[in-house]
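Here is my note on the model you sent. Please keep the viewer open as you read.

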Amino acid sequence: HQVWKEALAHSGLGNLEPIQEGSWHVPIEKLINSDVLTKLVDILVEIDSQDFDFDHFIALSGGLCPVNGNEILFEPQCCSDLANIDEWKACIASVGNKWEDLWIGHPWAKVRRENTVMEFELVGENADVGVIAKFCVSIEALERALAKAEKVQRDFAKRLCKVLEAKLEPSVAERLARLLAGVAAHDELP
């Protein structure tokens with residue numbers, strides 16, 4: 001935890017806290033300070049307004065963290081990003097009663113539907129590891145949680161947009177903010 005804090009302090013982002021000790025994920029609803037957002041944008045986004053290309057950008061790393069009370073059931077894995085919310089929304093409609101993959105990064109999660117409940121398993125990529133986490137949630141509760149998460153991401157996009165408007169034209173800033181916050185697909189962008 002101390003190494004993480006020192007690295008953030010060195011980059012000018014020292015007052016951020018992870019979702020839990022040992023994690024490198026920060027809840028985006030905690031990213032509200034405009035100085036922190038400006039520094040984050042400066043670190044992550046080299047912007048040349050003369051030659052701007054949306055194809056050089058993807059959603060920020062991260063994703064959804066299912067929780068039960070204060071317990072984090074599992075975190076986004078390697079290569080996951082904030083656009084991952086689309087995978088979660090799609091799984092509600094498309095998943096049947098056989099285990100299917102849910103992209104949350106490496107390793108993938110497994111998900112299946114049993115009547116009005118979604119079952120999730122996070123299984124290690126190495127077969128020897130076995131099941132890392134397992135939980136169930138009602139489809140209704142999952143839909144509410146996803147709607148809340150999407151609102152949090154849209155609010156984050158609005159905060160990013162305010163910072164980006166200092167560097168880009170407002171319409172470009174809005175599109176880039178939506179992309180970074182994971183609420184816009186590349187096909188929605190020019």
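The points below go from the basis of the model to its helices, cores, strands and rings.

1. **Basis.** This is a predicted model, in which local features need pLDDT of at least 70, side-chain atom pairs count only at pLDDT 80 or more, and totals for chains, interfaces and linings use all residues. Residues are numbered from 1 along each chain as its sequence is written, and side-chain values use heavy atoms, with hydrogens and water left out.

2. **Helix α2.** Helices are DSSP runs of H or I with at least four residues, strands are runs of E with at least two, and both are numbered from the N terminus. Start with α2 (34-44). Its buried residues are Val36, Leu37, Leu40 and Val41. Buried means under 20% relative accessible area, exposed over 50%, and partly exposed in between (1.4 Å probe, protein chains only). Seen down the axis of α2, the buried residues fall within an arc of 135°, so they line one face of the helix. The arc is that of the directions from the helix axis to the C-beta atoms. An α-helix has 3.6 residues a turn, so residues three or four places apart point the same way. The buried residues of α2 pack against α4 (139-164).

3. **The start of α2.** Asn33 caps the N-terminal end of α2. A side-chain oxygen of Asn33 lies 2.7 Å from the backbone nitrogen of Asp35.

4. **His25.** Is His25 buried or exposed? His25 is buried, because its relative accessible area is 8%. The residue sits in the loop between α1 (2-11) and α2. Its side chain makes a polar contact with the side chain of Glu75, at 2.5 Å. A polar contact is a pair of N or O atoms within 3.5 Å; within protein, one must be able to donate a hydrogen and the other to accept it, and residues adjacent in sequence count only if both atoms are side-chain atoms.

5. **Cores.** The largest nonpolar core has 31 residues. Such a core is a set of buried Ala, Val, Leu, Ile, Met, Phe, Trp, Tyr and Cys residues joined through side-chain atoms within 4.5 Å. The elements giving two or more residues to this core are α1, α2, α4 and α5 (170-180). Phe156 is among the residues with the most contacts inside the core. A second, separate core of 21 residues includes Ile85, Trp88, Phe135 and Leu142.

6. **Strands.** β3 (residues 100-102) and β4 (residues 109-114) pair in the antiparallel sense over 3 bridges. Two strands pair if DSSP finds at least two bridges between them. Asp101 has Lys110 in β4 as its bridge partner. β4 and β5 also run antiparallel, joined by 6 bridges. Their hairpin has 2 residues between the strands, and Asn115 in the turn has a positive phi of about 60°.

7. **Rings.** How many aromatic pairs are there? The count comes to 5. Rings of Phe, Tyr and Trp (its six-membered ring) pair if their centres lie within 6.5 Å; planes under 30 degrees apart count as stacked, over 60 as edge-to-face and the rest as tilted. Trp103 and Trp108 form an edge-to-face pair, 4.8 Å centre to centre, with 70° between the planes. Trp103 is buried at 18% relative accessible area, whereas Trp108 is partly exposed at 38%. Ring pairs also link Phe74, Trp88, Phe120 and Phe135 into a cluster.

Key. Contact = heavy atoms within 4.5 Å.
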